[in-house]
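Subject: Structure handover

Hello,

Here is the structure we spoke about. My notes on it follow below.

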Amino acid sequence: MRSVLRATIVTVLILSSQALAMAEEYLPWKNNSMAIEKALGGLKGNPQRGRAIVIAPDKGSCLTCHHLPIDEELFHGTVGPDLTTIASRLTEAEIRLRIVDEKMINPNTIMPGYYRDPNKFNQVAEAYYGKTFLTAQEVEDVIAYLMTLK
Amino acid sequence: MKSMPIKIFLQYVSLFSFYLLSCTGYAIEPVSGYAYISQDTQEMQDDEFANPGMTTVDKGRALFHAVAENGKNCASCHGEDGVSLKKSRIAEYPIYSYESQRPITLQEQVNICWQDKLDNIPFIYDCADAVALETYVRYLARGEVINVDVSGPMQPYFKAGEELYNMRVGQLDMACIHCHVYHQGQKLRGQTLSQGHSNGFPEYRLQTGQITSLHRRFTECFVTFRAKPFDLGSEDFINLEIYVHARGNGLKIETPAVRY
């Protein structure tokens, strides 16, 4: 009886998380002294998923500009700083702001804001209108991965 | 303790100079994209038999000599193989047309002749035939130094182009200036960012296997930025073309260039 109940709860949770993923609302965040302490939506990141997002060309594609300790991928970019030991230089909260909206720190940066307020963008293609580049969960996954780079 | 103020002073100096570097499009000597491609690709561009863009040049040459219904072709005015075309004039486009009361691109000029002198149906901007003719005419001026005059009536269009060049667009929220000024010479994955000059356009792209006009290249960047592009041949893209050509003033025409 108990296992049936547990299975039902798990199924409901999976379904509701999928429904959330389909129409995710923009979650507010706060820049506090050049850092965002709270995880977006209180979500917990998964470093394995984060590593995949960092590589995927249609997701984070961080390798386009940054060097990362991912040896199976050739040609890492040199536009941004080397992230091999990023977690020993920055705290999780500092990394979060830099991924969410680096322009808060350097208004001239080339670094896209992966969870920047979509209303702040200019001349966005219709398919991406009102959307953030990554979802809140994806941002937290990337942070979880970067925090392993000590 | 005495050395502390000097340290702080030096920190301020370095911060300030970094600020200057990142805020102003610091003046750099224009360098052709040719310098940023591999030796293999350079050799491919230089060898007219190996250069895949030469197919388009040949197509343009055929169109240049194709006789229209009124019995004329481009060669009727400009001579066989365009011998009487002034090569240095080709390198001055876009120019201000007092007749049209606005700047016109080389492709527009070709299209004006195509309609007015040959009585042909006008081209749609950047259609394959128009690009082929533009490629051929620019190829005739290979080695000619780009010399776009942006003074006088061209000034406001040049300024508008510069504004577009520095305008962040799309979900990636980037502008041309970020890659081609601030980060030129650095690597985007395996590809070296060039200064983004237009002296080789229309150019053959190894990535797409196609001859690519300047406006199509702009469009590709806009799509990468997840931005809504302007129309091919639109006033905005023409302004941007004026600015991009003019910032490469002094470079030699390389059409058809071979690029990644």
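To start with one residue: leaving aside residues up to four places away in sequence, A:Ala136 touches A:Glu24, A:Leu27, A:Leu40, A:Gly41, A:Leu43 and A:Tyr115, where contact means that the C-beta atoms, placed from the backbone, lie within 7 Å. This is a predicted model, in which local features need pLDDT of at least 70 and side-chain atom pairs count only at pLDDT 80 or more, while totals for chains, interfaces and linings use all residues. Residues are numbered from 1 along each chain as its sequence is written, and chains are lettered from A and ligands numbered from 1 in the order in which they are written.

A:Ala136 lies in helix α5 of chain A; helices here are DSSP runs of H or I with at least four residues, numbered from the N terminus. A:Ala136 counts as buried because it has 22 C-beta neighbours inside 10 Å; the cut-off for buried is 20 or more other C-beta atoms within 10 Å of the residue's own. Its C-alpha atom is separated by 18 Å from that of A:Phe121, 15 residues apart along the chain.

Chain B has two helix pairs to note.

- Helix α3 (residues 54-65) and helix α7 (residues 128-140) of chain B pack at about 95°, with axes 7 Å apart; axes are lines fitted to C-alpha atoms over the stretch in contact, and angles run from 0 to 180 degrees between N-to-C directions. The two are therefore roughly perpendicular, a label for angles of 65 to 115 degrees. Residues making the contact include B:Val57, B:Leu63 and B:Phe64 of α3(B) and B:Leu133 and B:Tyr136 of α7(B).
- Helix α8 (residues 155-165) and helix α11 (residues 235-247) of chain B cross at roughly 90°, their axes coming within 7 Å. α8(B) is therefore roughly perpendicular to α11(B). B:Phe158 and B:Leu164 of α8(B) and B:Leu240 and B:Ile242 of α11(B) are among the residues in this contact.

Between the chains, 19 residues of chain A are in contact with 20 residues of chain B. The chain A side divides into 11 nonpolar, seven polar and one charged, with Ala, Val, Leu, Ile, Met, Phe, Trp, Tyr, Cys and Pro counted as nonpolar, Asp, Glu, Lys and Arg as charged, and the others, Gly among them, as polar.

Regards

How values were computed:
Parallel < 35°, antiparallel > 145°, perpendicular 65-115°, else oblique. Contact = placed C-beta atoms within 7 Å. Buried ≥ 20, exposed ≤ 12 C-beta atoms within 10 Å, placed from the backbone.
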